Amino acid sequence: MAEQAHPPKTNRSILHSIAFRNVAYQLLLAAALIFLGWYLYYNINENLDRQNIATGWSFLSEPAGFDISESIIPFDSSQTFARIFAAGVLNTLHIAFVGIFLATLLGVIMGIARVSRNWLVSKLASAYVEICRNVPVVLHVIFWSSIIRLLPHPRQALEPFNGAFISNRGLMLPFPVDNVLYPWVAFTLVLGIGGALIFTRWARYRREHTGQYIAVFWPSTSITIGLPLLVWALGGAPLSWDYPELKGFNYQGGISLSPEYIALLIGITVYTGAFIAEIVRSGIESIHRGQIEASRALGLRHSFIMRYITIPQALRVIVPPTASQYLSLTKNSSLGVLIGYPDLVNIGNTSLNQTGQAVEAIAIMMLVYLTISLTISILMNFYNKLVAIRER
Amino acid sequence: MRKLLMAAALVAFAGNILIGTEPALAADGPTLTAIKKRGELICGVHQGRYGFAIADKKGKWKGLDVDICKAVAAAVLGDGNKVKYIPLGSVQRFPALQSGQVDMLSRTTTITLTRDSALGLNFGPPTFYTGTGFMVRKKLGITKVDQLDGAAICVFPGSTTEKNIAALFKSKGMKMTPVVIENSKELVSAYMAGRCDVLAMDQAGLPGHQQYDAKTPSDHVILDGVYSKEPLAVGVRADDDQWFDITKWVVHALFNAEEWGITQANVDKMKASKDPNVTRLLGATGNLGKKIGLGKSWAYDAIKAVGNYGEVYDRNWGPPLNLARGVNKLWTKGGLMYGFPMK
């Protein structure tokens with residue numbers, strides 16, 4: 001009886017209370033983390049002091065004193081380190097953004113080609129995937145960089161069509177000369193895209209409620225392209241081109257893509273594209289054959305099956321691993337340092353060496369990559385929520 | 001308190017005289033202690049620049065910077081071969097020295113105010129004077145820097161060259177595109193493949209690339225003139241004064257040896273020289289070495305290992321590079337190399 005009146009003491013102890021444990025473990029972990037952070041900070045400062053190395057962020061407002069080969073924002077060697085870092089970040093974002101777009105395009109095409117019933121197409125796609133994903137990305141980048149160096153000199157540049165030049169100085173293309181009408185064309189393009197989106201939603205709503213199928217592709221494409229084209233044509237169709245011309249050492253005018261940019265872009269695109277192709281293939285193959293056979297039995301067309309049955313279900317398998325491919329592509333763009341593309345790491349390294357502010361420069365690089373990666377993750381998680389199959 | 005210290009010092013001094021020991025010198029600094037214990041000097045050198053530091057097919061390092069490492073190793077350990085060479089990129093070199101990965105940096109490093117102060121380093125006497133130079137393809141017909149407007153220039157990252165070119169072109173109101181590649185081999189091959197019109201680096205680096213990396217060396221020309229001051233020197237950490245003294249005075253010993261006619265071949269004979277400067281340097285009289293924590297024969301060992309400065313220069317910059325000594329001659333011959341008094 002006495003035991004019943006006094007259940008084992010330990011059960012009552014605060015140490016065994018779930019609420020207490022929940023809080024206590026978190027507090028302990030937080031304390032350990034704070035201590036670790038403080039210890040690292042203290043250690044770095046202590047060591048820098050001992051070695052008489054100056055620290056601080058004041059170098060960011062000093063003139064950089066060196067030039068960079070390409071930059072989206074105008075840059076001049078008398079401007080500050082802060083600005084050159086910004087130029088580096090923009091170069092990284094630029095190549096990462098274009099790289100993600102192209103790698104996705106390439107990956108989706110190759111992924112679909114791999115499951116194609118055409119023997120040649122599927123084998124070619126398999127060959128691409130196996131070759132490209134089994135070669136380290138560093139080699140991809142260096143390989144393309146060497147290939148571009150083998151191209152002729154600017155004076156003997158190849159001219160695939162009038163005004164475009166390919167040489168070992170990169171790709172030079174004609175570019176339309178700016179006109180007052182162009183902002184309006186851009187504006188109507190945005191309107192067109194908006195209109196196409198609304199139309200697609202409406203078509204879907206109707207389909208889901210009435211079962212009536214409305215073709216979406218052609219109407220929305222013509223809204224997107226037609227509207228700006230109409231504005232442009234009504235405005236008198238102004239178009240004049242700025243052609244690149246050989247002046248002195250190199251081509252001037254038009255737009256140019258540097259060999260470093262092209263090599264890095266191709267390198268990281270084909271590498272990541274191979275991984276995305278595999279992800280797309282596995283996504284498509286995750287759909288049970290029975291579903292597709294059933295759809296065919298109903299007499300649905302192949303494109304309809306892809307668009308409304310296979311892809312929506314495959315996306316939920318495809319999106320999460322693709323997000324991590326985007327992250328690795330962004331980080332792989334730091335290989336620009338090997339071939340001379342002025343990305344964040346390249347500029348960070350030079351700044352680090354000019355100023356000796358190693359800890360600060362590396363902290364900036366880490367912070368920027370962390371921010372970019374987290375942003376991509378958030379966007380992809382958001383997209384994943386959109387395409388995920390909703391439980392009803 | 002001060003009086004008390006003075007008294008203590010006096011007592012100690014008197015004690016020294018009474019007991020008959022020599023005045024005590026500071027104990028070995030951390031760097032010297034570590035090297036002696038290890039039995040090997042760790043020297044940071046360039047990954048590969050002809051004339052300064054280049055590993056041959058058997059992996060043996062050669063070059064002026066390498067010879068300075070050997071001279072220091074000989075002075076400290078009595079053997080010029082007890083050196084471990086760590087090839088360093090221009091970005092890694094300072095962290096490697098600061099963190100203690102290398103004992104000294106003998107790697108075409110320009111002395112600048114920032115490096116001397118903010119990086120926590122000390123630099124010895126310059127072992128080589130050079131400046132930014134330019135190499136171009138001969139068929140472009142360029143003879144002057146003023147004709148380089150709009151050129152693409154291959155340049156190493158983080159080097160003083162990068163800043164010099166930016167400043168030079170800005171001052172002349174000219175434009176250029178820098179192509180910045182970390183790896184020196186990649187950079188030079190980018191120039192050779194025609195990615196850049198110009199290869200820019202310390203002028204002394206250019207003859208090597210012209211001779212060894214170009215398919216036909218005569219297709220390239222090095223433009224006249226240097227466009228910056230690049231005094232290259234040995235760098236050490238600022239926290240060890242004694243080690244700084246050692247590296248500094250080994251270099252001065254090599255300058256003085258050339259001035260006084262001491263060579264690798266005659267160094268034994270010169271021990272019996274009538275010139276007190278010579279005998280003091282070689283340790284035949286007095287004991288200069290002890291003052292910097294080394295043995296009596298420190299300078300003798302250094303000269304025996306690599307010869308005097310002139311011999312080091314000729315060995316590394318003679319044929320096929322054939323770089324004229326110019327300002328790197330002794331001061332007695334109109335150059336800048338000036339050995340400080342060894343007393």
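A disulfide is taken here as a pair of cysteine sulfur atoms within 2.5 Å. The structure is a predicted model, in which local features need pLDDT of at least 70 and side-chain atom pairs count only at pLDDT 80 or more, whereas totals for chains, interfaces and linings use all residues. Side-chain values use heavy atoms, with hydrogens and water left out; residues are numbered from 1 along each chain as its sequence is written, and chains are lettered from A and ligands numbered from 1 in the order of writing.

Across all chains, 2 disulfides were found in a search of the whole structure.

Cys43(B) is joined to Cys69(B) by a disulfide with an S to S distance of 2.0 Å. This link of Cys43(B) and Cys69(B) is left-handed, with -70 degrees about the S-S bond. Because Cys43(B) lies in strand 1 (residues 41-46) and Cys69(B) in helix 3 (residues 64-77) of chain B, the pair ties together parts that are 26 residues apart in sequence. Helices (H or I, at least four residues) and strands (E, at least two) are DSSP runs numbered from the N terminus. Cys43(B) is buried, at a relative accessible area of 0%, and Cys69(B) is buried, also at 0%; buried denotes under 20% relative accessible area, exposed over 50% and partly exposed in between (1.4 Å probe, protein chains only).

A disulfide also joins Cys154(B) to Cys196(B), with S to S 1.9 Å. Distant parts of the chain are linked by this pair, 42 residues apart: Cys154(B) belongs to strand 8 (residues 151-155) of chain B, and Cys196(B) to the loop between helix 7 (184-192) and strand 10 (198-202) of chain B. The link of Cys154(B) and Cys196(B) is right-handed, with 65 degrees about the S-S bond. Both Cys154(B) and Cys196(B) are buried.
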